[in-house]
Amino acid sequence: MSSQTTSATLAVVTFLLLHASMAALDSIQDTFLQCLSNLTQSPSPPISSVTYFPTDPSYTPILHSYIRNLRFTTPKTPTPSFIVTPTHVSHIQASILCSKIHNLQVRIRSGGHDYDGLSYISDVPFIIIDMFNLRSITVNIEEESAWVESGATLGEVYYRIAEQSKIHAYPAGVCPTVGVGGHFSGGGYGNMMRKHGLSVDNILDAQIVDVNGRLLDRESMGEDLFWAIRGGGGASFGVIVSWKIKLVQVPEVVTVFRVERTLEQGATDIVHQWQHVGNTIDDDLFIRVVVMPVNRKTQKTVKAKFVALYLGNAEKLEALMGERFPQLGLKHEDYVEISWIESVLYWSNYPIGTSADVLLERKPQSEKFLKKKSDYIQEPMSKASLEGLWNKMMELKKPVLTFNPYGGKMSKISELDAPFPHRAGNVYKIQYSVNWKEEGSEAEDKHLDFIRRLYEYMTPYVSKSPRCSYLNYRDVDLGTNGNGNVSYSEASVWGTKYFKGNFERLVQVKTAVDPGNFFRYEQSIPPLTAWNGKMVE
């Protein structure tokens, strides 16, 4: 046989194989779409118009539009069999039931800020239910409440509240592009937590689609499941469609400040004092500290940035700071009086005077490669220990630490009240953060090593037995379930770090509402029926 004949034969075979492969793929897609259509109660638009397969030109843009960590946009990142962007509850119900029939796992994404990407990646066949179309917000000022769909962002929630009232707000995070669904179900903290607690401490009702496709509210789901989804991670239990939140009252005028101090300006003494003040000062005041290494050509140092929100006027805050925290050395002009909605923009680093319309932008100002971790401090660190930490940070050059004070309302709520257990006894929480711009595994490994080394260095100074972490600072370094079903003891390795003793109750709820462990992922709550990779019938 001549080489020309051989080449022609190979070309024909390749064409036939490719054609067969595409035909098989089309058949699979047709099968899924038929299942979805059969199980959808004829809403408009039809589910086929909001379902995207890899062959669809919109598939990749939709997939990437809510990935907030560039580590998960590489060619090696696993991608879903298809994406459903529901506009109706029945789209969610059909997606769950068809995924059960076809043995696909489900990932549920609202804003895409899951730090380790667990809301949109998996190593086994999976789909994404992407909630961004379900983002309506209905505010009832007379009742001081609002119904918020899970695809809304925090910025949209704040904007809609401020549209109707200058004296109402909601205690949640300071990043406006974070999605409501994950934020609320993981706890949700922000700069009013010392006054009003967490987001989950201010939730009145919710709607969830369970493993059997039923739409349940608080009454029909029962208090155990309602407890579990307020801080236990909703994706272990179903797809949360919407939340009814309780609004809180704020003054028409609040006060903010932002100042920086380097080591040469006494940052060590100031941070040391902050540890004794931040969690005991007036509940209306929240002072965050962001600590970062500064690498100048002639000098290495550490800079501490103090950012505050005070639910009151500047005169009262100036008097309070003069009495309780004079070490910070604030000047009269450092205090800025603005409205609460303006304070949201201030904390997001927008210039004063920026229109609140920017809160309706769903995409962050920048996206990076990143890794986060968390810890809890229960005894203030000594000055010598802080100096050792600064030296370690200067050595590593990259990681940034954010200290968030506790106390106030957080110390008054029982750790059993919601799955989030980090209440009384905590002085402050630490967020470890490392960002980078360079692509490739070498850069990733280097920066992951930086943050892990700093986390290891902090071991003597943080909570113990367990060393606690915050669920919404998702961290797979703590341990995972792998892709299958794991035992209680295996999952408790990471579960008790997030939930302490509440992990046991979460497992009991999971066993009652999803005994077959359909809603599972790398750090999902396991049912008691999961053991050694097999399900007990």
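In which sense do strand E13 and strand E17 pair, and over how many bridges? Strand E13 (residues 285–295) and strand E17 (residues 400–405) are antiparallel, with 3 bridges between them. Valine 289 has phenylalanine 403 in E17 as its bridge partner.

## Basis

The model is predicted: local features need pLDDT of at least 70, side-chain atom pairs count only at pLDDT 80 or more, and totals for chains, interfaces and linings use all residues. Residues are numbered from 1 along each chain as its sequence is written, and side-chain values use heavy atoms, with hydrogens and water left out.

## Seven-stranded sheet

E13 and E17 belong to an open sheet of 7 strands, ordered E15-E12-E14-E13-E17-E18-E16 with antiparallel pairing. Strands are DSSP runs of E, at least two residues, and helices are runs of H or I, at least four, numbered from the N terminus; two strands pair if DSSP finds at least two bridges between them. Strand E15 (336–338) and strand E16 (369–377) each have a single partner strand, so one side of each lacks a neighbour in the sheet. The average twist from one strand to the next is 20°; axes are lines fitted to C-alpha atoms, for helices over the stretch in contact, and angles between N-to-C directions run from 0 to 180 degrees.

Helix H9 (residues 267–277) lies across E12, E13, E14, E17 and E18, at about 40° to E14. Helix H13 (residues 441–457) touches E16, E17 and E18 (contact: heavy atoms within 4.5 Å), and makes about 160° with the direction of E18.

## Four-stranded sheet

A second open sheet has 4 strands in the order E1-E2-E4-E3, with mixed pairing. E3 and strand E4 (residues 126–130) run parallel, joined by 5 bridges. Helix H3 (residues 89–101) packs on this sheet, touching E2, E3 and E4, at about 170° to E4.

## Aromatic pairs

The whole structure holds 27 aromatic pairs. Rings of Phe, Tyr and Trp (its six-membered ring) pair if their centres lie within 6.5 Å; planes under 30 degrees apart are stacked, over 60 edge-to-face, the rest tilted. Tyrosine 376 and tyrosine 406 are edge-to-face, at 5.7 Å centre to centre and 90° between the planes. Tyrosine 376 is in strand E16 and tyrosine 406 in the loop between E17 and E18, so the pair ties together parts 30 residues apart in sequence.

Phenylalanine 403 and tyrosine 428 form a tilted pair, at 4.9 Å and 45°. Phenylalanine 403 is buried at 0% relative accessible area (buried: under 20%, exposed: over 50%, partly exposed in between; 1.4 Å probe, protein chains only), and tyrosine 428 is buried at 0%.
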